[in-house]
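Open the model in the viewer and keep the selection panel at hand. The tour begins with a pair of helices and then turns to confidence.

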Amino acid sequence: MSTASTEAAEPRDARDTGEARSADRSVSGAEIVFDDVTKTYPGQTAPAVDSLSLTIPAGQVVMFVGPSGCGKTTSLKMINRLHEPTSGTITIDGEDIRSKDETELRRHIGYVIQGGSLFPHMSVRDNIALVPRLLGWDKKRVASRVDELLDLVGLSPERYRDRYPRELSGGQQQRVGVARGLAADPPVLLMDEPFGAVDPITRQRLQDELMSIQEELQKTIVCVTHDIDEAIKLGDRILILQEGANIAQYDTPANILAAPANSFVEDFVGSDSSLKQLALMRVSELDLHDAVTARVGDDGAEAARAARSARQGGVIVLDDKRRPAAWVGLREAERVGTLRASSRDLEVVDHRATLNDALDSMLAASHGGVLVTGRRDEFLGVLEFDTVTEHIQTLTREARTGESDEYAITPSEDELQDSSVEDDTGSGSKHGSEDDADPSRGEQA
Ligand SMILES: Nc1ncnc2c1ncn2[C@@H]1O[C@H](COP(=O)(O)OP(=O)(O)OP(=O)(O)O)[C@@H](O)[C@H]1O
């Protein structure tokens, strides 16, 4: 089994060069190292995790993906000692986690699971305040931390802090779950299918929020997901596991998409990998098209004239805070007289959205583009369909020249085949019968 280096990473991911990764941000996360870690559950003959060696660099988001039962959750839960390894060592910032009291360790590792798992009888405030109170923070500090976190996850403190979980939507509960995970400012955040239980639009929004939170906080985030697109979107690197937590590939999303290590990864990533590259790029990295803008209340005919002389097919109407309020064609602008806010939903994406998300919005749009907004939803420009399609072509060309980096683990086809030969000579599946493994049993704390 190959072992990843523990030296500092030189970022190579496409996003690593963007503004999101500016050098002056300080990393508050900690490095996690798995050294030859094996976990065999009581009563099982085959290990759920077999000799896993891996370095998770400080301040990065590492996504664990792989087929059901391959050992993702087991690997995750060994980091906060909800499961204990049978052998091998896990260190956080060089310290063996077994040298710490379990409860103490867990107070310094955020843990977010599907649905937020909030305590139903506690208010939002009490749910978030749980660990800070256990750590003995004074009342004032706890109260301001609760409000700060609610703000961070996009919930108004005044409106939500006294509510109970049943008074929140699924997405809001999930946000509170993230706030609770971050409450004591832990260097490490573990997430197990955090956005699995919400609808696709809420999921996209929560993913975007997690990315902007991470831009600010630079935690080490380890996240289990079933969804390769989510892994590509959120991960600085992705760990693709096969049964027994055998590493099929560990690399940046860009490198995995450009050069899948073997046929297993190829199948797992899917055939449309150049399209998936769209999830690596942010709208902010493309050129936006200038547009003729007018204000709500302005004269439509005048705006249409300005647009015509600028060879534009429409006018973007902004409200008093420069937020898009309507997108009208020239004839419509002339016909309405005074420009007003539209009652229809506008095709708007945030500048942090992925090209994938932008493309989705464009396909549903009637203008051949989408409006892009920045801070406080202020209008920035128009992203045109042609700009995205040209970019896809460039990406496809560049994808073929991706480099691997020092953390990357790419076993050869032979190595992977060797491990499957071992499987076959053992007692059937490496895990024994799936039927005798009840994930709810065992050492779950
Ligand atoms: N508490 C347990 N006792 C016994 N076996 C277990 C226990 N928890 C998990 N297993 C077994 O260990 C293996 C790995 O399980 P794990 O939950 O880590 O996989 P996973 O990749 O997270 O799966 P999924 O994607 O389905 O959640 C599986 O074969 C599972 O049945």
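**A helix pair**

In this predicted model, helix α3 passes helix α6 in a right-handed crossing. To see it, select residues 124-134 for α3 and residues 170-182 for α6.

Two packed helices are described by the angle between their axes and the distance between the axes. Here the axes come within 7 Å and cross at roughly 25 degrees. Angles under 35 degrees count as roughly parallel, so α3 and α6 are roughly parallel to each other.

Next, show the side chains at the contact. On α3, select Val124, Asn127, Ile128 and Leu130. On α6, select Val176, Ala179 and Arg180. Colour this set by residue class: five are nonpolar, one is polar and one is charged.

**Confidence**

Now colour the whole protein by pLDDT. The mean is 80, and 81% of the residues reach 70 or more. The model scores ipTM 0.97 and pTM 0.69.

- Residues 1-24: the pLDDT is below 50, and the stretch has 41 contacts in the model beyond near neighbours in sequence.
- Residues 419-445: the pLDDT is below 50 here too, with 28 contacts beyond near neighbours in sequence.

Where pLDDT is low, the predicted coordinates should not be read in detail.

Terms used:
Residues numbered from 1 in each chain as written. Axes fitted to C-alpha atoms, helices over the stretch in contact; angles between N-to-C directions. Helix = DSSP H or I, 4+ residues; strand = E, 2+ residues; numbered from the N terminus. Parallel < 35°, antiparallel > 145°, perpendicular 65-115°, else oblique. Left-handed = near helix turned anticlockwise from the far one by under 90°. Contact = placed C-beta atoms within 7 Å. Nonpolar A, V, L, I, M, F, W, Y, C, P; charged D, E, K, R; others polar. pLDDT = per-residue confidence, 0-100.
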